[in-house]
Amino acid sequence: MKQTIIVDTNNKKSVISRDIYGHFSEHLGRCIYGGFWVGKDSPIPNINGYNKAVVEAFKDIDIPNLRWPGGCFADEYHWKDGIGPKENRKKMINTHWGGVVEDNSFGTNEFMGLCDELGCKPYICGNVGSGSVQEMDEWVEYMTFSGESPMSRLRAQNGHKDAWKLPYFGVGNENWGCGGNMRPEFYADLYRRYQTYVRQYGNDKIFKIAGGPNVDDYNWTEVLMNNAGRYMDGLSLHYYTYEYRWEDKRSSTGFDTEGWYRIIKNAFRMDELVRRHGEIMDKYDPEKRVALVVDEWGNWFAPEPGTNPGFLYQQNSVCDAVVAGIHLNIFNNHSDRVRIANIAQAVNVLQAPVLTEGDKIVLTPTWHVFHMYKGHQDAQLLGTTFASQSAGLHDKDLVIPGLSVSASEKKDEKSGKMKYLVTIVNPDADQSKDIEVGFANLKGTIDSVKATIINGEKMNTINTFEKGDAVVEKTQDAKTVDRQTVAVTVPAHSVVSVTVYA
């Protein structure tokens with residue numbers, strides 16, 4: 001059965017912020033140590049201590065920003081423990097993640113250097129849960145003040161004379177939970193106090209992000225926007241996808257068809273969360289000045305057997321690719337409000353785009369989705385409409401949309417032509433779909449078309465260190481039907497991109 005997607009080239013919406021395609025790095029498991037950071041003396045090829053292959057992988061997907069140092073770790077992190085000579089840095093137990101020793105050898109200077117190497121914006125999350133106002137004030141001064149002061153002298157003493165730019169700063173993390181178990185009224189007042197001391201030195205604005213709700217805690221959003229909305233530039237939202245129950249997480253690859261639809265239904269829930277939190281924000285901020293910052297999202301499954309359960313290491317399959325495609329389409333389509341997002345996490349943790357093992361590296365199916373979608377960054381969102389039969393298991397109340405779609409346009413710098421990118425996810429476990437993509441109100445004629453696909457032999461196919469190409473982006477057949485229409489087949493459990501020049 002033929003299905004149709006209409007892309008209205010006259011219906012130009014918000015610009016899709018490149019920062020929607022951000023990533024998250026916490027002192028958790030092997031995300032930092034053994035992931036991004038191997039040390040300057042490591043036999044693993046590195047750039048000033050950063051794993052060279054990992055850096056190149058993230059540069060290849062045009063990483064726009066990187067969040068650090070957490071997560072729950074942020075609200076027990078005291079930044080002065082992670083500066084100065086490595087031998088003098090304090091050692092601590094990482095009580096949140098695995099009970100291992102944190103030696104603080106990767107700190108502020110190393111993180112800012114990593115962002116410089118990646119060419120991305122740093123997004124730092126400050127300690128509200130166990131930290132003081134003075135501590136946060138001095139950290140911002142250490143990073144961003146270019147004049148004469150105790151903190152700028154300390155920074156120079158530690159080898160970095162010039163101030164850094166700090167585009168994004170989160171005032172606490174999950175303050176409703178691991179960041180302090182606070183009530184929204186209490187945190188709103190605390191946020192107002194702490195953000196006062198996240199000072200802007202010079203002309204470079206710091207975008208201040210308040211700790212937002214847990215999943216569907218709409219009261220938290222209401223209270224924060226009412227009591228502190230005028231003091232924030234962004235409000236965070238955290239939501240993870242899982243199969244059955246949060247407290248009974250299952251394997252990342254052991255699901256059956258019913259499990260597949262449970263996971264995918266939970267992924268589609270992100271649209272409802274963004275919409276409903278956005279509606280509350282609209283009451284207090286109709287101009288949409290305050291961004292919804294989805295700075296933790298992705299699949300959270302049971303840790304792989306034989307690994308430290310506190311390290312949250314899980315495999316990454318075709319299922320993760322489909323979930324990533326659905327989320328990124330949702331964020332694109334809500335880019336008037338969602339302007340920053342960070343998948344959790346970048347390397348070796350949860351739904352990681354990159355896995356490492358010594359000097360080996362795997363680009364996961366999720367990485368390939370980010371590569372496929374990177375053309376949406378800073379492009380103009382276009383309105384789309386489509387009719388598609390729902391998928392799922394009706395007898396088990398597991399019904400999901402038949403497709404997930406977003407589309408954008410951007411002028412191609414090389415050719416000067418308009419470039420249209422349409423990303424399509426078919427979440428159906430079994431049924432392939434023949435799609436016609438019509439470009440309504442197109443000025444001119446389709447000049448050329450290219451399509452690519454991310455898919456695997458099975459729903460749980462993974463890339464391994466021995467076989468890293470089981471799930472990669474490949475060329476997919478697509479043809480021009482008429483001057484404004486393209487036909488493409490989107491197989492079951494796949495993500496497809498259609499690029500048109502006109």
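Contact means heavy atoms within 4.5 Å. The model is predicted: local features need pLDDT of at least 70, side-chain atom pairs count only at pLDDT 80 or more, and totals for chains, interfaces and linings use all residues. Residues are numbered from 1 along each chain as its sequence is written, and side-chain values use heavy atoms, with hydrogens and water left out.

**View 1. Gly 375 in the loop between helix 9 (365-373) and strand 16.** Helices (H or I, at least four residues) and strands (E, at least two) are DSSP runs, numbered from the N terminus. Apart from neighbours within four places in sequence, Gly 375 has contacts with Ser 408, Lys 410 and Leu 421. The relative accessible area of Gly 375 is 26%, so this residue is partly exposed. On this scale buried means under 20% relative accessible area, exposed over 50%, and partly exposed in between (1.4 Å probe, protein chains only). A distance of 41 Å separates the C-alpha atoms of Gly 375 and Leu 154, which are 221 residues apart along the chain.

View 2. Two strands pair if DSSP finds at least two bridges between them. Strands of a sheet pair through backbone hydrogen bonds, either parallel or antiparallel. Strand 19 (residues 404-411) and strand 20 (residues 418-426) are joined in the antiparallel sense over eight bridges. Ala 407 has Val 422 of strand 20 as its bridge partner.

**View 3. Asn 94 in the loop between strand 6 (92-93) and strand 7 (101-102).** Asn 94 counts as buried because its relative accessibility is 3%. Its side chain reaches the backbone oxygen of His 27 at 2.8 Å. A polar contact is a pair of N or O atoms within 3.5 Å; within protein, one must be able to donate a hydrogen and the other to accept it, and residues adjacent in sequence count only if both atoms are side-chain atoms. Leaving out neighbours within four places in sequence, the contacts of Asn 94 are His 27, Phe 73, Glu 76, Gly 99 and Val 100.

View 4. Most residues other than glycine have a negative phi, and most peptide bonds are trans. With 13% relative accessibility, Glu 174 counts as buried. At 9% relative accessibility, His 493 counts as buried.

**View 5. Helix 4 (residues 150-157) and its two faces.** Met 151, Ser 152 and Arg 155 are buried in helix 4. These residues cover an arc of only 100° around the axis, which puts them on the same side of helix 4. The arc is that of the directions from the helix axis to the C-beta atoms. Pro 150 and Gln 157 are exposed on the face turned away from the buried side. Helix 3 (133-144) is what the buried residues of helix 4 pack against. Gly 159, with a positive phi near 100°, follows helix 4.

**View 6. The largest nonpolar core, with 118 residues.** A nonpolar core is a set of buried Ala, Val, Leu, Ile, Met, Phe, Trp, Tyr and Cys residues joined through side-chain atoms within 4.5 Å. Phe 58, Phe 169, Trp 297 and Phe 331 have the most contacts inside this core. Helix 7 gives the largest share, eleven residues.
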